[in-house]
Amino acid sequence: MRSYKRYVLMVIISSTICYVSTSVNHYSIPEEMKEGSVVANLATDLGLDVKTLNQRKMRLDIIASKKYLDANRETGELYVVEKIDREYICPAKSSCYLRLEVILENPVRIFNIEVEILDINDNAPQFRRDIIHLDISEATPKGERFSLSNAVDPDVGSNSVKTYHLSESEYFNIEVQTGREGTKFADLILKKALDREKQAVHNLILTAVDGGIPARSGTASVIIRVLDTNDNAPTFDKVIYNINIMENSPIGSLVIHLNATDLDEGSNSDLTYSYSLYTSEKTQETFHLNPSTGEITVKGMLNYEDFRIYDMEVIATDKGANSLSGQCTIKILVEDMNDNHPEISIKSFQSPVNENIELDTVIAVVSVSDKDSGDNGVVDVHIPDNMPFKLRESSDNYYELVVSEPLDREMVPEYDITFTVTDRGSPPLSDNETMTLELLDVNDNVPQFSQSFYTIRVMENNAPGALLSSLTAFDPDLHENQYLVYFILEKEIANTSMSMLFSINPENGNLYALKTFDYEIEKDFLFHIEARDSGSPPLSSNVTVHIIIVDQNDNAPVIVSPWRAHGSVVEEKIPRSTEKGSLVAKVIALDTDSVHNSRITYQFLQVTDATLFSLDQYNGEIRTMRMFSYRDPRHQRLVVIAKDNGEPALSATVTIKLSTMETAVKAFSDMTEVPLEYDIFSDLNLYLVIGLGSVSFLLLITILVTIVLKCQKVKPSKAAAPCRNSVISERNSTIADSTLVSNDAYWYSLFLAETRKGKLVVRQPVPKGSRYIVSSLPRGTGLTDTSDSAASTLQYPK
């Protein structure tokens with residue numbers, strides 16, 4: 001709180017009145033005193049008794065003003081009720097008074113009081129506007145004055161505005177003036193010429209200061225806008241612009257936005273862009289210049305290969321009264337874009353060629369090109385990696401396609417060779433060209449059979465001419481190089497050629513049998529078949545064929561032990577005292593079929609007493625199961641069947657008649673053991689008998705073959721007597737197999753025929769239409785065919 005020096009000036013004017021005092025008590029107080037502050041003691045100043053103030057109802061009446069003061073009846077003091085603002089009570093007045101009346105009753109008395117409100121510096125100077133705007137042309141000469149609005153301070157006297165201050169400025173200062181009423185104001189003075197382009201706006205602070213202690217101040221912002229004159233020509237950022245633009249840029253693409261500037265403002269800075277007279281028509285047709293914005297855009301097609309550099313001059317002109325202009329030079333360089341695909345041209349191409357063409361032979365010559373430049377115009381050419389060819393550069397952009405690996409028509413008959421050319425642009429462009437190389441066949445492949453060794457199983461007793469198998473070879477060559485012919489490579493077995501036993505179709509490789517095979521005579525054949533193509537020179541290959549004759553169960557078992565005459569019964573004698581388990585007889589049967597079909601088992605077909613004898617089904621041994629009793633018949637009849645394992649099974653039977661005898665004398669029982677009659681067929685003896693029989697059989701065959709050969713040498717013109725016991729077969733003037741006919745019906749498996757009850761019986765298939773000349777047979781003997789062959793002609797010698 002400010003401290004005020006309070007003082008009270010009391011002027012007592014004495015006059016003689018009746019009831020109203022004409023004297024005026026004058027007091028002076030500063031404004032803004034606190035509420036409750038005591039101004040003066042009225043009882044003392046007016047000569048009143050303090051004790052009677054309450055009885056006399058002392059009151060204070062303020063004339064024509066708000067009640068700022070009041071009197072205390074208890075003490076008689078005048079005090080402040082509400083803060084007093086002098087500037088509010090007495091605005092714009094140099095002096096300010098409050099006039100009061102103190103009224104007392106009993107008796108009534110009225111006292112006049114005048115309170116002067118003294119001013120204190122409680123208000124700062126204040127401008128009517130906080131911001132003062134001034135527009136000054138940059139062409140205004142220095143020394144020019146400009147009036148500024150003055151500041152107002154509600155205080156009076158020394159507390160009012162006394163001076164002004166201006167913030168530091170290079171271009172302006174102020175001069176303080178005093179008006180007729182003592183008011184202070186300031187003039188703004190231009191002390192230096194303005195340049196709007198250098199500084200378009202000047203911001204200043206004007207301060208008004210009053211004379212109070214301490215002094216108070218108020219400020220206002222002075223904003224000076226410098227008005228433009230057309231004193232600056234437009235200028236570009238650069239004098240020369242170098243611009244790179246990609247060819248094939250779309251129409252309307254922005255090339256450059258020219259930014260010419262004019263330091264002036266308003267219409268003086270509004271610019272118009274245009275081409276100079278030195279800009280070619282080609283350039284103006286290719287690029288568009290926006291006169292308002294200065295944007296240069298693509299107007300026509302840009303092609304690096306046609307036009308690479310564009311030069312132009314652009315002028316910028318302002319719109320001032322006296323227009324000024326500036327210009328710049330623009331050089332536009334068109335950059336190559338990888339917009340041209342590389343091209344490939346086939347200069348030479350050789351097709352078809354032989355598949356055995358030599359390595360490094362030139363097949364084709366190609367050239368490559370690209371209209372682009374730099375890396376965009378560098379072309380690489382290649383073919384697929386998985387081909388037997390390679391590219392060899394012969395000269396600039398010329399390449400030869402040569403054979404790098406052997407060709408094989410059978411593996412790849414033709415090649416689709418794709419030449420791919422790719423430039424080195426970004427992104428790279430490519431193109432391709434495909435040509436088809438056809439290979440001509442040469443006879444370079446031998447026929448190949450599906451197997452290197454063929455095993456063919458043929459059932460015996462086959463029909464002549466039966467298809468055995470199809471032996472097909474494959475030749476991957478073409479045309480005549482793949483046409484195959486099949487042959488049987490000649491090989492003689494026992495003076496018999498393979499071509500007389502087998503035949504092969506030369507076109508399709510079907511193998512046929514020319515005769516009927518007998519497993520018991522011929523078990524297999526081994527020979528070679530050749531497949532030969534028709535190329536020049538021809539190529540061939542052969543394969544081994546193994547013919548295996550498969551046995552049929554066509555031979556019944558023959559019982560060789562115990563020996564008996566044909567159709568007779570074997571008689572055996574055994575002691576009646578034979579022990580249990582003793583060997584009575586052993587049946588042995590032989591079968592000329594293969595192992596499977598010749599496996600023989602033995603069974604009793606008939607037996608007088610089944611409890612007396614047992615038969616081993618595998619070795620044919622007949623043994624006693626118990627000793628003979630007196631009740632057993634003396635004669636025992638045993639019928640044994642020997643059956644093979646074929647399908648259907650064949651069998652033979654033997655009847656054994658056993659007679660038991662009583663032993664009268666046992667002379668040598670202690671010294672020697674007399675073998676029974678059937679013991680002559682022990683295992684060793686059986687093998688000796690079989691061996692002797694085989695030797696005799698071979699000797700007989702040799703004699704018969706010799707007789708047949710001698711009969712064949714007899715000339716027909718001499719009408720020699722036919723050989724006895726022989727049959728000669730003729731087929732197409734070729735002497736075939738001979739057979740022996742015996743009147744006593746003796747037969748052997750080699751022979752073709754036999755006589756039976758006055759008839760000639762054919763046992764094996766004979767070719768249709770064969771003629772048989774039969775000798776040593778009674779006239780009228782008939783022909784019976786049991787072999788399912790066609791009827792043959794039976795002739796007797798004339």
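Which residue stands opposite A642 in β51? Hold that thought, everyone, and thanks for coming.

A quick word on ground rules. This is a predicted model, where local features need pLDDT of at least 70, side-chain atom pairs count only at pLDDT 80 or more, and totals for chains, interfaces and linings use all residues. Residues are numbered from 1 along each chain as its sequence is written, and side-chain values use heavy atoms, with hydrogens and water left out.

Back to the opening question: A642 faces A652 in β51. Strands here are DSSP runs of E, at least two residues long, numbered from the N terminus, and two of them pair if DSSP finds at least two bridges between them. β50, residues 635-643, and β51, residues 651-661, pair in the antiparallel sense, with 9 bridges.

Those two belong to an open sheet of 4 strands, ordered β44-β51-β50-β47, and its pairing is mixed. At the edges stand β44 (570-575) and β47 (601-607); each has a single partner strand, so one side of each is left without a neighbour in the sheet. From one strand to the next, the twist averages 30 degrees, using axes that are lines fitted to C-alpha atoms, with angles running from 0 to 180 degrees between N-to-C directions.

Buried, by the way, means under 20% relative accessible area, with exposed over 50% and partly exposed in between, for a 1.4 Å probe and protein chains only.

What does β30 pair with? One partner is β27, residues 379-382, which is antiparallel to β30 over 4 bridges; there, V381 has V421 as its bridge partner. Another is β31, residues 430-440, also antiparallel and joined to β30 by 9 bridges. Here D416 is bridged to T436, and a hairpin of 6 residues connects β30 to β31.

Finally, the cysteines. Taking a disulfide as a pair of cysteine sulfur atoms within 2.5 Å, the count comes to 1 disulfide. C90 and C96 form it, with their sulfur atoms 2.0 Å apart. The link is right-handed, at 65 degrees about the S-S bond, and both C90 and C96 are buried. And what about C328, buried or exposed? C328 counts as buried because its relative accessibility is 1%.

That's my tour; over to you for discussion!
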